[in-house]
Amino acid sequence: MEMKKTKLGIVLSGGGAKGAYEAGFLKALSELNIQPDALAGTSIGALNGSVYAAQKDTKNVAKMLEDIWHDMASSEALKFDKKKAFLNIVEVIAFFSPLAPVHRVVKTTTTILRGCRSQEGVLTTEPAENILEKYAPVEKLLKGLPFYVGVTESSGNMIDTLRFLGLSHSGITDYIKVQSLNTEDMYKIILASAALPLLFDAVTVNGKNYRDGCLSSLDNAGGNTPIKPLVENEQCTHIIICHLDHGSYFNRHEWKNVNIIEIRPTFGTFSSDLDPLRFSIDKIDLWIEQGYKDAVKILKDTFAALNGKYERITSEYRSDQAIQSLINKKFSIPDDY
Amino acid sequence: MSKKYKIVQAFNLPVEYETLEQIEETHNYISDKLILDAVNGVNVVARDLHEVSKLRQSWLQRTTDTLFGNSKKRQDLINENLIEGLNACSQWLQDHDQHISRIDHKISIVASELSRTQDEILKFYAQHQTLKSRVTELKEVFFEFETSTKQQISYLRDYIRNIDIRTQAMDALDLEISRLTANKYDTLALPLQIYTALDNIKSGYGGMYYDSLTNEKEKKEFQERIANEFITHFKSKCDLDSYMDYEQLAEKISTLQPIQKDSLAFISTQHYNTMITNNGYPEATDLVSIMTSYEKNVALQEVDKKSNIANFITYNDYLTVTLQEHLKA
């Protein structure tokens, strides 16, 4: 029987500031000497993954990401654009207002005022761009690990927000390999993967406006957990997934013949719907530590089980050899002397 | 090295690549995926979903979860993970059952080999007992063999040594005949020539060879050989059957250099004493000893007194007597 060629992929889910948990996860991978062949990420997972893909070596990346997250916690990670913030908030409030007819008037007015900028957000991507330029330069990304991001084609802030709230399931995930794009679009697609509606602008790549991958494939969390390109394009046989949500709907059993290890945060790690926006030092440290502890425990438990199997294989192999040797010797004393 | 093995290494799994390849050719083991479904799918995934499910207890949460189908989706995932986990456990058990069956089979092979080995050892023990009973017999055989071998070796050693000494003895005889032929002893009277040549043979390898002989026949052959060589040489110089003239002998001795005379006196006297000690009966030796030890007249008187010295003796007899006295003393 020919052994199947095997490949390890790592999936980093999205979750805003909860992405610090992934820094702890990578620290655990580093300690266990795990080195992947390909990566995929969505949203903050795309940002973390871009550094991982560019730097390649897990040990370096683990230390680097810990530093990046501490820097983010001590600096202004989310920067508001005041004008954009005002315009978007007005639109959402109007939509949910009991005075729906008034909304139409407001929308018409704001649309005229904004000049059809319905896919804009209130935050600037400058801090994220700085991280990309410093830790994931384009030339390193090109030579780095194969790296995919999950993105959703934007349908405007309103629909995108409904998708974000789980009220619309119309979004479809596009899985794009960063290295397949031209250099100008590489950062764009990574930023698009993290572009939540209302907060960030949709990003245009190859003529399409993209937003956060978490907005699509909600039934199986396929957008926020982009395993698909690693299995279908990279033929990964082993996948380690780091989730950032409690109770993710990702269904491992949809992926036959793929060995999947899921790292899910210990219940209670994240306690608020606003956690994705909490780039505070206390939370960041806590989540990095929790990500490390959870990953170490889950991976060690899993490896212990696999270890048991392989120890059994080894001992059976040795006993097979010993018995074969015993039989081959044909120990016998001649009758005559 | 295959990539799978690299992953296995990364996971710190204690299995050699070659082992993995060989063992997978012969045995079917539970797949890694099923183990992951059992361990990770149940302990991590189902537990996580269950924890979320337990938390959403408020009226509003239950209503929204029902309304948007989240509770069903969550429960379906819990169920699926549990079912797959149980399925994996069931296959894992089967895998272990098969493994245990293989172990049982191996135990039966080992037990069978052990039993056979036990039989062989018992057979060996029986053989050993038989051998033990024959040890005394073998010991005697070995002793006889050792003795016989020693004798053979001793015989061979003697044989080789005798061959060597015999050659030397014959060379010594040839040397003396050559000296006689070359007139080296011409200053001596004929009886003294005989005595001196025989003494040289006896004092060297000739005597050694004669003493080493245990066979009387061989001794006699050697003695006859010397006698024949001497007779052949001396018969051309004189009539060997004529009687020796003691006065002429004494006269001739008196003309010798003192050192020659003293030497002959010393040698013959020593020879005489040895023969007396060994209960021999010296005649020719005593004659030479007296003749070379005294002045002419005294010597003749002394010879005349000696009953062991014949008054009339032919050269031939003198040769025979001298030869015997040399070889025996």
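The exercises below, each with a worked solution, concern the strands and nonpolar cores of a predicted model.

**Exercise 1.** Determine which strands pair with strand 2 of chain A, and in what sense.

*Solution.* Begin with strand 1 (residues 8-12) of chain A, which pairs with strand 2 of chain A in the parallel sense over four bridges; within this pairing, Val11(A) stands opposite Ala40(A). Then turn to strand 5 (residues 147-153) of chain A, which runs parallel to strand 2 of chain A and is joined to it by three bridges, with Gly41(A) standing opposite Val149(A).

**Exercise 2.** Work out how the residues of strand 2 (residues 38-41) of chain A are oriented, and whether they are buried or exposed.

*Solution.* Sort the residues by direction: Ala38(A) and Ala40(A) point one way, whereas Leu39(A) and Gly41(A) point the other way. Next consider burial, for which the criterion is 20 or more other C-beta atoms within 10 Å of a residue's own; all four of these residues are buried.

**Exercise 3.** Describe the largest nonpolar core and the surroundings of Val178(A).

*Solution.* The largest nonpolar core has 97 residues, and Val11(A) and Val178(A) are among those with the most contacts inside it. Helix 11 (residues 281-329) of chain A gives the most to this core, with 10 residues. Leaving aside neighbours within four places in sequence, Val178(A) is in contact with residues including Phe147(A), Val149(A), Ile189(A) and Ile190(A). Finally, a second, separate core of 32 residues includes Ala172(B), Tyr209(B), Phe230(B) and Tyr246(B).

Note on methods: Residues numbered from 1 in each chain as written. Chains lettered and ligands numbered in written order. Predicted model: local features only at pLDDT ≥ 70, side-chain atom pairs only at ≥ 80, totals over all residues. Buried ≥ 20, exposed ≤ 12 C-beta atoms within 10 Å, placed from the backbone. Helix = DSSP H or I, 4+ residues; strand = E, 2+ residues; numbered from the N terminus. Pairing = 2+ DSSP bridges. Core = buried A, V, L, I, M, F, W, Y, C linked by C-beta atoms within 7 Å. Contact = placed C-beta atoms within 7 Å.
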